[in-house]
Amino acid sequence: DFICIGEGEDTILKFAEYILGNCSLDKIDGLAYIINGKAIYNNPRKPIKDLDSIPFPAYHHFPVEHYAGTNNPNFNRLFWKIFTSRGCPFRCIYCVSRKVFDNRWRVRSVKNIFDEISLLVKRYGVTHIAIQDDEPLINKKHILELCDLLIESKFDVKISCRCRIDDVKTEVLIKMKQAGFYFLAFGTESGDDDTLEKINKHYRYHDIFAGLKAISEAGYPRISVSVLCGFPWETPKHFNNNLRFIKSIPSTIEFYVGPVIVIPYPGTLIYEQYHRQYGFTEWWLKKPEFEHLTIPDNVFFKYWMPGVNLIDNYNKNFWHYSKKTRRYINWMALRIEVLSLKSRYSGFSLVILLLMNLLSLFLYRRWPRLEYLIFSRLTRPATINKLKQILKCKTKYSEIINPFYGKANNTSNRSN
């Protein structure tokens, strides 16, 4: 019935006043609603300038067991999320973040951030925190001051965050590692200079290579990178350059890759550029024509190599791919997933995982029922945990982590 557009903290407070009869709907900036079948959009709400003015979430009103099926606060490495800043000054053509948080970068004070981390660690026993900023490294002095406080505190907490690959410096990464930043995710998106230029990344392949070198020199053992492919201008040359990029990741780094197909979300530059040409104007109102397929959770390869069935995982109708292009994309995604596995496994473990995943993929594409009969038992939480331990599995955010609610492991040692 009602939608908050943009940042919602102030909007929801005003909406509460409306419910209490203290203001009218048309006075609430950032609110959209329907009256007599007509959509009404109020004035947009301005972004919050002082992020320190926002109180910490009322964590005590959200018991972990209500969401996890367990009272273990560390059942999942991504459950406890914080923002240290909002907004992103970059204008990547596929990104919707600026429609929510604006282009202006605003940052919380170092003390305010540290106080929230301290609250989570001391009161709730949290050992893993995921920073969800678009780009926390814009101000190096700021992140270094936070690292100093974390090191001084001696908190046993691991922190993951997302960064731009061209923003990393070896000395900064070393300090972050000392402070407990154990995992970094990079939205690299492509290893092709033509695509990087057209999507407004403002860096080139040689910048990615330099960033990977800095990561290796800093001794980071584990990262993730993303490959966003299927742009309307891309050819086999672009896909081969993506593979070149993945192969260039230093052997000292275990990496995880998320190959995905570009989706033209409303409000993005790529949507505005191509929706008329490709006929997907207001596609979100035209289900199921543009509804992507969802692979069931009990398909074996989805857990270990989720990107291998790339075209079928995502919508095929946006860009009208030819059969040749679809084959290239799927082949590229398979190669990338294999390279990712090779960075984490070797010998017997690697051979077994590859054979099982390729068999699962082959059967799912041709006889999904047979894939289910053979592999469904191996996708049960207890069985996956056992298999990971046998193969000495390392997954994206820790050595052994169970993604299923209520089946967590109590591992809290800091990674080196």
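Analyst: Start with burial: a residue is buried under 20% relative accessible area, exposed over 50%, and partly exposed in between (1.4 Å probe, protein chains only). In this predicted model, local features need pLDDT of at least 70 and side-chain atom pairs count only at pLDDT 80 or more, while totals for chains, interfaces and linings use all residues. Residues are numbered from 1 along each chain as its sequence is written, and side-chain values use heavy atoms, with hydrogens and water left out.

User: Is Asp166 buried, partly exposed or exposed?

Analyst: Asp166 has 27% relative accessibility, so it counts as partly exposed. Asp166 forms a salt bridge with Arg164, that is, a side-chain nitrogen of Lys or Arg lies within 4 Å of a carboxyl oxygen of Asp or Glu. In this pair the closest N and O atoms are 3.1 Å apart. Arg164 counts as buried because its relative accessibility is 7%.

User: How many salt bridges does the structure hold?

Analyst: The structure holds 14 salt bridges. One of them joins Glu145 to Lys141, with the closest N and O atoms 2.5 Å apart. Both residues lie in helix 5 (residues 140–153), four residues apart, about one turn of the helix. Helices (H or I, at least four residues) and strands (E, at least two) are DSSP runs, numbered from the N terminus. Lys141 is exposed at 57%, whereas Glu145 is partly exposed at 32%.

User: Which salt bridge partner does Asp148 have, and where does that partner lie?

Analyst: The partner of Asp148 is Lys175, and the closest N and O atoms of the two are 3.0 Å apart. This pair links distant parts of the chain: Asp148 is in helix 5 and Lys175 in helix 6 (residues 170–178), 27 residues apart. Asp148 is partly exposed at 39%, and Lys175 is partly exposed at 23%. Salt bridges can also join up into a network, as they do for Glu7, Glu9, Arg86 and Arg106.

User: What describes a pair of aromatic rings?

Analyst: A ring pair is described by the distance of the centres and the angle of the planes. Rings of Phe, Tyr and Trp (its six-membered ring) pair if their centres lie within 6.5 Å; planes under 30 degrees apart are stacked, over 60 edge-to-face, and the rest tilted. By this rule there are 31 aromatic pairs. Tyr67 and Phe79 form a tilted one, at 6.3 Å centre to centre and 50° between the planes. Tyr67 is in helix 2 (residues 65–68) and Phe79 in the loop between helix 2 and strand 4 (81–82), 12 residues apart. Tyr67 is partly exposed at 39%, and Phe79 is partly exposed at 26%.

User: Why is the pair of Tyr274 and Trp319 put in its class?

Analyst: The pair is edge-to-face because its ring centres are 5.8 Å apart and its planes stand at 80°. Tyr274 lies in helix 10 (residues 269–278) and Trp319 in the loop between helix 12 (310–313) and helix 13, so the pair ties together parts 45 residues apart in sequence. Tyr274 is buried at 16%, and Trp319 is buried at 4%.

User: Where in the chain is Val260 found?

Analyst: Val260 lies in strand 11 (residues 254–261). Val260 is partly exposed, with a relative accessible area of 24%. Its C-alpha atom is separated by 9.0 Å from that of Glu189, 71 residues apart along the chain.
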